Amino acid sequence: MATQADAQELAALRALSARIGGNPHLTQAAGGNTSLKAGDTLWIKASGTWLKDALSEDIMVPVAMVPLIEAVERRDPAADKPQAFAIDALNPRGLRPSIETTVHALMPRRVVLHVHCVDTISLAVQADCESEVARRLEGIAWAYVPYRRPGLPLAQGIAERLRPGIDVLILGNHGLVVAAETVAEAEHLLHRVRSLLARPARAAAEPDAAALTALAGDSGYRLPAEVEAHAVALDAASRRMAEAGSLYPDHVIFLGQGSVVARPGEQVDDVTARLGVSPAAILFPGAGVLMRGDASSGADAMQRCLADVTARIDISARLNYLTAAENDELINWDAEQYRQKLNAAG
C-alpha cells in the first residue's frame with residue numbers, strides 16, 4: 001500500500017467484505033466484489049474467492065488502474081482479461097482480479113462495493129425496475145444500467161450512464177454498486193440503499209424432508225445445505241418465476257440455465273430420464289428442493305439465493321429473463337470457466 005492511511009482503509013475494507021460475505025441477503029458464494037483505490041493501484045477481490053473469507057485469506061489483488069482504464073476507453077478486448085493488469089510483484093499467489101475489475105476502475109470514488117443483494121435483484125429483474133427504484137430512491141443520485149455481460153460489456157454500459165455525482169448503480173438482472181470516499185461511508189450508503197429497496201418475502205410452507213428423501217430414492221440427490229432454499233418449490237408464484245428462465249448471471253454460472261420442476265408423480269430418476277441430464281437442482285412442488293450429490297457449495301448458496309429473490313418479486317410484475325444467447329455467453333466465457341474451476345476445487 002502507498003501510505004499508512006491506505007493500509008488502514010484496506011484493513012477496514014477486508015473487515016467490511018467479510019461482513020458482506022457472511023450475509024446471504026447481500027452476496028452469495030463467490031459473487032460480489034469490493035475494491036479500494038490507493039494512488040494508481042486498485043486493490044480488488046480476486047476472482048473465484050468468497051468475500052466471507054476476506055479476514056482469513058489473502059483475497060485482494062493489486063491492479064494497475066491507469067492502463068486498464070485506457071484499455072476500456074479504447075474498447076480493447078484486453079480489458080476483459082484484467083489478470084493482464086495485475087501487479088505481479090504484489091500478487092505472490094498469482095490470483096486473478098475479479099471479472100468486474102473494469103466496473104470498479106470506472107467508478108471515480110476510492111471505495112466501491114458491488115453486491116448481489118437479493119432486495120436489489122428482485123427489483124432489477126422486473127420490467128418496471130427503473131420506475132419502482134426511482135420512487136424508492138428519491139433524493140439519491142443513482143443510475144440504471146440495462147443488463148450486459150459482466151466484464152467489459154458491463155463496464156461500457158456503465159460508462160454510458162455514469163454522470164458526476166452518481167454513486168449508486170442498479171444493474172439490470174444483476175445487482176447493486178455503491179461507491180464512496182471511505183469504507184465507512186460506503187457501508188453506510190450500502191445499508192441505506194438496501195433498506196430503501198427492501199421488500200418482505202412471501203411466506204412459504206415448511207419442506208417435507210421425508211417426502212424428499214423418498215423422491216430422491218438411491219439417485220444420489222440430497223437435501224440443500226440451507227433450509228431456506230426449499231421456499232422456491234413451496235410457493236407457487238416463486239416456482240413459476242424460477243421455471244420460466246434464468247434471472248441473473250450467477251444462477252446460470254452455478255446452477256445452469258433456468259430451473260427444473262418435477263412433474264406430478266415424478267421421482268428424481270424420472271426427471272433425469274426425461275431431461276437426459278442430471279440438473280444441479282430439482283424443484284418438487286409442495287415438498288421442496290433436492291440438489292445433485294456433487295453440487296458445489298456455490299450451487300447450494302445460489303439455490304438459496306433463488307428462493308430469497310423470487311420470494312420478494314412482485315407476483316404481478318412482468319419479468320426480464322436472460323436470453324438464450326446471454327445464457328450461452330456466460331456458460332462459454334473463459335473468465336467464468338476459471339471461476340467455476342476454483343469453486344469446484346473448494
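User: In the hairpin of β1 and β2, which residue takes a positive phi, and how many residues sit between the strands?

Analyst: That's Gly39, with a phi near 65 degrees, and the hairpin has two residues between its strands. Keep in mind that this is a predicted model.

User: How do you know that β1 and β2 pair?

Analyst: Strands count as paired if there are at least two bridges between them. β1 and β2 have four, in the antiparallel sense, so they pass.

User: What else does β1 pair with, and in which sense?

Analyst: β4, again over four bridges, and the two run antiparallel. Here Asn33 stands opposite His114 in β4.

User: Why is β1 called largely enclosed?

Analyst: A residue is buried when its relative accessible area is under 20%. Six of the six residues of β1 are buried, so the rest of the structure largely encloses this strand.

User: Which residues of β1 point which way?

Analyst: Asn33, Ser35 and Lys37 point one way, while Thr34, Leu36 and Ala38 point the other. In β1, the residues pointing either way are all buried.

User: How do you know that the length of helix α1 agrees with what it should span?

Analyst: Do the check: at 1.5 Å a residue, the 18 residues of α1 (residues 4-21) should span 26 Å. The end C-alpha atoms are 26 Å apart, so the two agree.

User: What do the buried residues of α1 pack against?

Analyst: They pack against β1, β2, β3, β4 and α7. Among those buried residues are Leu10, Leu13, Leu16 and Ile20.

User: What makes β8 and β10 edge strands?

Analyst: Look at the open sheet, whose order is β8-β9-β10, with mixed pairing. β8 and β10 each have a single partner strand, so one side of each is left without a neighbour in the sheet. β9 and β10 pair antiparallel over four bridges, and Leu283 stands opposite Val289 in β10. Helix α13 packs on this sheet, touching β9 and β10, and its direction makes about 165 degrees with that of β10.

User: Where does Ile315 lie, and what is it in contact with beyond its sequence neighbours?

Analyst: Ile315 lies in the loop between α13 and α14. Leaving aside neighbours within four places in sequence, Ile315 is in contact with Arg202, Ala237, Arg240 and Met241. Contact here means heavy atoms within 4.5 Å.

Technical notes:
Residues numbered from 1 in each chain as written. Predicted model: local features only at pLDDT ≥ 70, side-chain atom pairs only at ≥ 80, totals over all residues. Heavy atoms only, no water. Expected span 1.5 Å × (residues − 1). Buried < 20%, exposed > 50% of the residue type's maximum accessible area, 1.4 Å probe, protein only. Axes fitted to C-alpha atoms, helices over the stretch in contact; angles between N-to-C directions.
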